[in-house]
Amino acid sequence: DLFDKSYDCAILAIGYEQRSTYIARNEKVKALRRIALGYSENRILRYPENKQWYESHEYEVQESTDSDFKSVVKHVVFSARQVSGKNEQRLLIDISSFNRFRLATIVELLREHETESAISADFAYCLAKYSEPPARTALNRHVGPVNPYFSGWWAEPELSSAAFVGLGYEEDKALGALEHLQPSEIWAFFPSSPVSEYTPALHQANRSVVEMIKGRVVGYDVDQPFDLFTKLESLIAGVGTRSNCILLPFGPKIFALCALLVACLHPDAAVWRVSGAEEAVDRVGHSVYGISATFPPSELVKVSG
């Protein structure tokens, strides 16, 4: 029912994939303001075409660097609130083409907003049609917190660490991160997609990880993000009593979003990103799923299906 609602503001990303405009093209986005946020660099593949499409369909277009992104989003959210004049602000956020740093920045701003009433955010995610995994696996050049807010506030740093890794289909990418971290306990989240071609590629890419962790593999359905959230939150709540938790959001971006929402409820858990010089791929949209979160001021976040 995401697109049956009216929003104070709809926030979408201009990316270099065809799926960057999939939701805007195929769904009627009803909002007082519709904003497409772009990048100041890496404007390759479909980026110019996507930007032109948003401009020609009455979206406000703003481009920025990652370093300026936080101030841009903060201004967008605050301005939308002034326009709506409502007690509870309603946002629609298409996460499909935001990188993990920008996605973390958005969740941080919503969690720490300073307004006196709640912000209700519906997050939409466009699953891509299958495309072949990169021929070469990029070296992990950055391994660390996705941003300072999600560094994890470990009350007992001497405790052992536990890693919760979302699996993607890039060959041994998760394995490289785990070898860097050397956690005492590993839980892997294996996605099941409505696009069946992903499954053999996922098994091939993660064979070493699955063999290494010996049974601690949690399956989840990409088209059921709330179920994923509850599984992840339950594990973090339990394992976090004996270990310092680190979430590694590989795989579908919906896993990254759920990891960030869980970390809002468990601020001692860290969310890390792992990045390298990855090959750009023009992914095509397949289908859309969503999850909703309410961010009350100075209270715990409430997440729903």
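Q182 counts as exposed, because its relative accessibility is 60%, where exposed means over 50% relative accessible area, buried under 20% and partly exposed in between (1.4 Å probe, protein chains only). This is a predicted model, in which local features need pLDDT of at least 70 and side-chain atom pairs count only at pLDDT 80 or more, while totals for chains, interfaces and linings use all residues. Residues are numbered from 1 along each chain as its sequence is written, and side-chain values use heavy atoms, with hydrogens and water left out.

**Loop residues with positive phi**

- Q182 lies in the loop between α5 (173–181) and β8 (185–192), where helices (H or I, at least four residues) and strands (E, at least two) are DSSP runs numbered from the N terminus.
- Although Q182 is not a glycine, its phi is positive, at about 55°.
- K214, in the loop between α7 (207–213) and β9, is also a residue other than glycine with a positive phi, near 55°.
- K214 counts as exposed because its relative accessibility is 73%.
- Most residues other than glycine have a negative phi.

**The six-stranded sheet and strand β7**

- An open sheet of six strands runs in the order β6-β11-β10-β7-β8-β9 with mixed pairing, two strands being paired if DSSP finds at least two bridges between them.
- The edge strands of this sheet, each pairing on one side only, are β6 (142–145) and β9 (217–221).
- From one strand to the next the twist averages 25°, where axes are lines fitted to C-alpha atoms, for helices over the stretch in contact, and angles run from 0 to 180 degrees between N-to-C directions.
- Strand β7 pairs with strand β10 (residues 244–249) in the parallel sense over six bridges, and L247 in β10 is the bridge partner of F164.
- S161 lies in strand β7 (residues 161–166) and is buried, with a relative accessible area of 18%.
- Not counting residues up to four places away in sequence, S161 touches Q182, P183, S184, E185, S243 and N244, contact meaning heavy atoms within 4.5 Å.

**Strands β4 and β5**

- Strand β4 (residues 89–94) pairs with β5 in the parallel sense over six bridges, and Q89 stands opposite I119 in β5.
- Strand β5 (residues 119–128) is mostly covered, with 10 of its 10 residues buried.
- Both faces of β5 are covered, with I119, A121, F123, Y125 and L127 buried on one side and S120, D122, A124, C126 and A128 buried on the other.

**The largest nonpolar core**

- The largest nonpolar core has 105 residues, of which I93, F123, F164 and L248 touch the most other members; such a core is a set of buried Ala, Val, Leu, Ile, Met, Phe, Trp, Tyr and Cys residues joined through side-chain atoms within 4.5 Å.
- Helix α9 (residues 253–265) supplies the largest share of this core, 11 residues.
- Leaving aside neighbours within four places in sequence, F123 is in contact with residues including L2, I93, I95, L110, L257 and Y289.

**Helix α8**

- The 15 residues of helix α8 (residues 225–239) should span 21 Å at 1.5 Å a residue, which agrees with end C-alpha atoms 21 Å apart; the expected span is 1.5 Å times one less than the number of residues.
- The buried residues in α8 are P225, L228, F229, L232, L235, I236 and V239.
- Seen down the axis of α8, its buried residues fall within an arc of 140°, so they line one face of the helix; the arc is that of the directions from the helix axis to the C-beta atoms.
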